[in-house]
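This briefing sets out the computed features of one protein chain for a structural reader. Please keep the sequence and the model in view while reading.

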Amino acid sequence: MSDVQTLDQRSALQVWASPEAQRRLRRRYAANRRLQAYGIIAIALAVGLLGVLVASLVVTGAPAFLQTKIELPVYIDPAKVDAQDPAKGNFRVLVREALAPFVSAEATDKQKTEVAKILTSDAPYIVRDYVIGHPDAVGKTITLPIAVSDPFDQLNKGVIPKEINALTWSQVVYFERLQNRGVVVEEDGRTGLKLDVYIDPAKVEAGPPPSGDFAALARSSLQTHLPDVFDTALFGMLADDAPDVIASGVAADPSLIGKTVSITLPVSPPVAELAKGETPMVLNPRFSPAQMEAFDAMEEKGLVRTPFNWELFFNADSRFPERAGLAGAITGSFYALLVCFLLSFPIGIAAAVYLEEFAPKNRLTDLIEVNINNLAAVPSVVFGLLGLAVFLGFFGLPRSAPLVGGMVLSLMTLPTIIIATRVALKAVPPSIREAALGVGASKHQVMLHHVLPLALPGILTGTIIGMAQALGETAPLLLIGMNAFIPSIENMGLLEPATSLPTQIFSWADSPERGFVSRTSAAILVLLGFLVAMNMVAIALRQFFQRKW
């Protein structure tokens with residue numbers, strides 16, 4: 001018998017050592033390596049995309065965490081502000097007088113108004129609020145950090161340039177084409193275009209003095225050299241006095257009417273700079289020369305500062321980006337999550353405990369369990385429609401209120417809490433129940449005193465994750481109108497109109513002002529910070545309450 005076993009072992013070794021078996025083994029190892037490589041690539045791709053997302057948010061949102069301010073000395077003139085009733089003072093005039101040292105003596109009223117627009121439109125109210133809080137400031141010169149308007153905030157942060165290209169890309173291309181055709185010439189120290197101009201009798205009268213649409217003649221002569229171009233920017237390359245050159249030529253020789261003559265038409269100053277090999281630049285049209293002169297003077301005196309933007313967290317919403325903050329959205333989210341927690345936490349745990357420990361196993365409970373699992377996968381917009389129809393339409397609760405928002409979010413969070421609680425209850429070893437029952441405890445005592453405390457880590461984790469999901473929901477809150485414009489948080493409550501962080505982000509993303517672009521990204525970073533913090537709390541609570549058996 002031992003000889004037969006030895007023979008069988010040798011046959012098995014020969015089979016495993018055969019070339020075919022080795023090939024199968026190599027293919028299996030290769031498949032294993034490919035699977036590992038696919039997993040590594042998938043993880044690297046996910047981490048890379050997440051890194052790109054976070055990096056783009058940080059780059060775009062970082063400017064919003066800083067705010068350009070001017071340390072402006074303001075004299076609180078007693079003739080304009082009554083110390084007994086400072087709220088009725090003429091603070092707009094005080095702000096303009098504070099800006100007077102940065103405006104030239106020859107400045108017009110229009111230029112003074114333009115300089116006043118360097119500061120935020122809320123500047124008079126900032127001064128007013130300070131004087132109301134400090135009545136003894138009347139008759140004194142105070143220095144207040146006042147935020148600048150959004151264009152100058154973007155300028156100081158380097159988001160928008162002080163100067164821009166004077167010519168468009170198409171105008172540069174047109175100039176190069178004209179230069180290649182030998183049309184660009186230099187005469188009497190001035191750059192011009194030597195064009196063949198047809199003095200159309202239908203457009204010009206001999207006079208004297210000659211009259212007509214000489215600008216049309218200049219445009220048509222330029223068009224003949226670039227017949228495939230129908231861009232009005234082409235005609236902007238000519239100087240303003242180009243038609244006068246044609247008019248003076250006709251005045252000197254009226255016989256030119258009806259003929260085609262070669263005339264050198266001057267080009268605009270930016271085109272002349274381009275002809276010299278320079279890059280023509282002009283002041284950004286968002287700023288006026290008077291504004292730039294005043295702002296540069298403030299910078300020279302060291303009045304311009306860029307501190308951390310605490311107003312982003314403590315100010316309510318505003319129409320002006322430099323004054324807009326998240327205080328209203330954070331407060332609204334807090335009230336909505338408070339209502340959501342007070343409703344979903346006890347109801348979810350009670351429902352899970354009943355279904356898991358006390359409910360009889362029949363078709364009704366099976367149907368309930370199936371529906372709970374399905375509700376966890378229902379899109380959040382469906383819960384918003386439900387809240388709109390039931391809470392607002394049927395019960396008539398106030399629109400945009402955090403109470404309604406919290407109730408809608410609790411409907412969405414309940415399935416998550418119920419499922420997480422049931423899983424946590426199942427994870428408690430049966431021996432705990434059996435030991436408690438063995439010493440005479442009732443089923444309720446077993447559940448409340450033994451099973452539920454041991455399942456608490458899993459319950460808290462599921463609850464906080466569900467609350468974090470509710471914090472980031474936008475669609476259901478938009479449907480119930482919880483995207484109100486909240487300029488102040490003084491009167492906010494459960495039944496007052498409110499907004500939330502996701503809806504505030506949605507509102508800012510739809511705003512046309514450039515400053516709201518960075519504030520939108522900053523608000524997303526704040527929301528992500530809250531979500532990360534809530535998940536860290538969930539992990540910490542799980543580790544703290546976890547018991548090993």
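The model is predicted. Its protein chain holds 21 helices and 10 strands. With a radius of gyration of 38 Å, well over the 24 Å given by the globule rule for 549 residues, the protein chain is more spread out than a compact globule.

**Overall form**
- The C-alpha trace of the protein chain spans about 125 × 95 × 50 Å along its principal axes.
- Of the 549 residues in the protein chain, 41% are buried.
- The protein chain has an accessible surface of about 29800 Å², and carbon and sulfur atoms account for 61% of that surface.
- When contacts between residues at least 6 apart in sequence are considered, 76% join residues at least 24 apart.

**Open sheet**
- An open sheet is formed by three strands in the order β2-β1-β10, with antiparallel pairing.
- Because β2 (141-147) and β10 (304-305) each have a single partner strand, they stand at the edges, and one side of each lacks a neighbour in the sheet.
- Strand β1 (residues 69-75) runs antiparallel to β10 and is joined to β10 by two bridges.
- Opposite Ile70 stands Val304 in β10.

**Aromatic residues**
- The whole structure contains 11 aromatic pairs.
- The ring centres of Phe394 and Phe395 lie 5.1 Å apart with the planes at 90°, so this pair is edge-to-face.
- Both Phe394 and Phe395 are exposed.
- One aromatic cluster consists of Phe65, Phe308, Trp310, Phe313 and Phe314.

Terms used. Residues numbered from 1 in each chain as written. Predicted model: local features only at pLDDT ≥ 70, side-chain atom pairs only at ≥ 80, totals over all residues. Heavy atoms only, no water. Pairing = 2+ DSSP bridges. Helix = DSSP H or I, 4+ residues; strand = E, 2+ residues; numbered from the N terminus. Phe/Tyr/Trp six-rings, centres within 6.5 Å; stacked < 30°, edge-to-face > 60°. Buried < 20%, exposed > 50% of the residue type's maximum accessible area, 1.4 Å probe, protein only. Rg over C-alpha atoms; globule rule 2.2 N^0.38 Å. Contact = heavy atoms within 4.5 Å. Areas by Shrake-Rupley, 256 points an atom, 1.4 Å probe, with all protein chains shown as cover.
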